[in-house]
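This report describes a single protein chain, from its overall surface to individual residues. Please consult the sequence and structure shown below while reading.

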Amino acid sequence: MAKKNAAKKIPVDKLRGVMNMGREAEESMEEALHISIHVDTTCPRWLAEAVRDAFVPMRDAVVDVFVLDGHPSVKGVDVGIILCGRSESLIRGAIRSFAGVRQHVIVMAETSIDIPETHLPAKLGQFISDVVASEHGPLYERLANALLDSTEKDVSCAANFAFCRDVATARLVSRVAARNAVMGVADFIPGAGMPLMTMNQLNMGFDIAATYGKGLSIARVPEVAVILAAGFVYRDVARLLLRAVPKLGLVTRILIAYGGTLVTGKMMASHFMLLPEGPDDLRRAIEVTPEAVEA
């Protein structure tokens, strides 16, 4: 019995690891982000208004808006965005200015014919993303994907701009689920990999919280408990299934590891999505020492 209880205790070094996850999530959420938007004065009005509404920072991102002049300043910019109209030469010049210094640029237009050919080498073409849409729904989803593809600051993008959150969260959850599925393949002793998988899910929980501009504060410790409890549930379900159908052991481990992570991730995302907007005290959560929790 003592051995069984010991197996379910989370050691101090693991708690320190959880606190470090919180710090990293906060750092990602607060990471500096600079978006530079260049508007062709002949671009469709709805497109300009949609982008204006999308890029209202909810935290501390810097969003600069300029009239397109063909030679934008790219210094200190994470991502450039060009709204296309009929000013072909100005659009082409601006695209070249960004891509020429290997700076990512998103070119937005109502139709693909509004995006001029730049005839840049293929090695520079990788820095250019096209977003073509004629209505708001597809526009925001495509813009979110292009923005997250153009910068490694996924959490900061989502924390600042609500239209990025669904896409950023889905990517995060899929990535962690795939990682846990690989662990499930290597988990020859049912449940032995559960602590590592659960730590991955805890890390995911902090990142999802940060994606929504929030954190796992002391007031919401039950959320951490839910993730920990879910890990034990997934382990027990895996063991039951393996005893029932031992020939499907590999498939069972993969399904539990992957599916369980997806369920936990979507549950966390739904939870944070429903919470009201406002500053969240992540720092209180991550500054609690393991010794204090242990006590």
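## Surface and overall organisation

The protein chain has an accessible surface of about 15,000 Å², and carbon and sulfur atoms contribute 59% of it; such areas come from the Shrake-Rupley method with a 1.4 Å probe, and for residues only the protein chains shown count as cover. The model is predicted, so local features need pLDDT of at least 70 and side-chain atom pairs count only at pLDDT 80 or more, while totals for chains, interfaces and linings use all residues. Residues are numbered from 1 along each chain as its sequence is written, and side-chain values use heavy atoms, with hydrogens and water left out.

There are 13 helices and five strands in the protein chain; these are DSSP runs numbered from the N terminus (helices H or I, at least four residues; strands E, at least two). Of the 295 residues, 48% are buried, where buried means under 20% relative accessible area, exposed over 50%, and partly exposed in between (1.4 Å probe, protein chains only). Among contacts with a separation of 6 or more, 74% join residues 24 or more positions apart; a contact means heavy atoms within 4.5 Å.

## The second largest pocket

The second largest pocket holds about 240 Å³ of space. Its 18 lining residues include Asp-154, Val-155, Leu-172, Arg-175 and Asp-207, which are the closest to the centre. Two or more lining residues come from each of helix 7 (154-160), helix 8 (165-186) and helix 9 (194-211), and helix 8 gives the most, with six.

By type, the lining comprises five nonpolar, six polar and seven charged residues. In this division Ala, Val, Leu, Ile, Met, Phe, Trp, Tyr, Cys and Pro are nonpolar, Asp, Glu, Lys and Arg are charged, and the others, Gly among them, are polar. A pocket is an open set of points on a 1 Å grid over the protein atoms alone, where a 1.4 Å probe fits, with protein on both sides within 12 Å along at least five of seven lines; lining residues have an atom within 4 Å of a point. Grid points are joined across faces, edges and corners, and the volume is the space filled by probe spheres set on them.

## Buried polar side chains

Asn-160 belongs to helix 7 and is buried, at 2% relative accessible area. A polar atom of the Asn-160 side chain lies 3.2 Å from the backbone nitrogen of Arg-59. Beyond residues up to four places away in sequence, Asn-160 touches Leu-33 and the residues Val-56, Pro-57, Met-58, Arg-59, Asp-60 and Ala-61.

Gln-103 occupies the loop between helix 4 (88-100) and strand 4 (105-109). Gln-103 counts as buried because its relative accessibility is 13%. Its side chain reaches the backbone oxygen of Val-77 at 3.3 Å. With residues up to four places away in sequence set aside, Gln-103 has contacts that include Val-74, Asp-78, Phe-98 and Phe-127.

Val-39 is part of strand 1 (residues 34-39). Although 42 residues separate Val-39 from Ile-81 in sequence, their C-alpha atoms are 8.4 Å apart. Leaving out residues up to four places away in sequence, Val-39 touches Val-65, Phe-66, Val-67, Leu-68 and Leu-83.

Arg-102 is a residue other than glycine with a positive phi, near 60°. Arg-102 lies in the loop between helix 4 and strand 4 and is partly exposed, at 47% relative accessible area. For His-119, phi is near 55°, again positive in a residue other than glycine. His-119 sits in the loop between strand 4 and helix 5 (122-125), and with a relative accessible area of 65% it is exposed.

Terms used
Polar contact = N/O pair within 3.5 Å; in protein donor to acceptor, adjacent residues only side chain to side chain.
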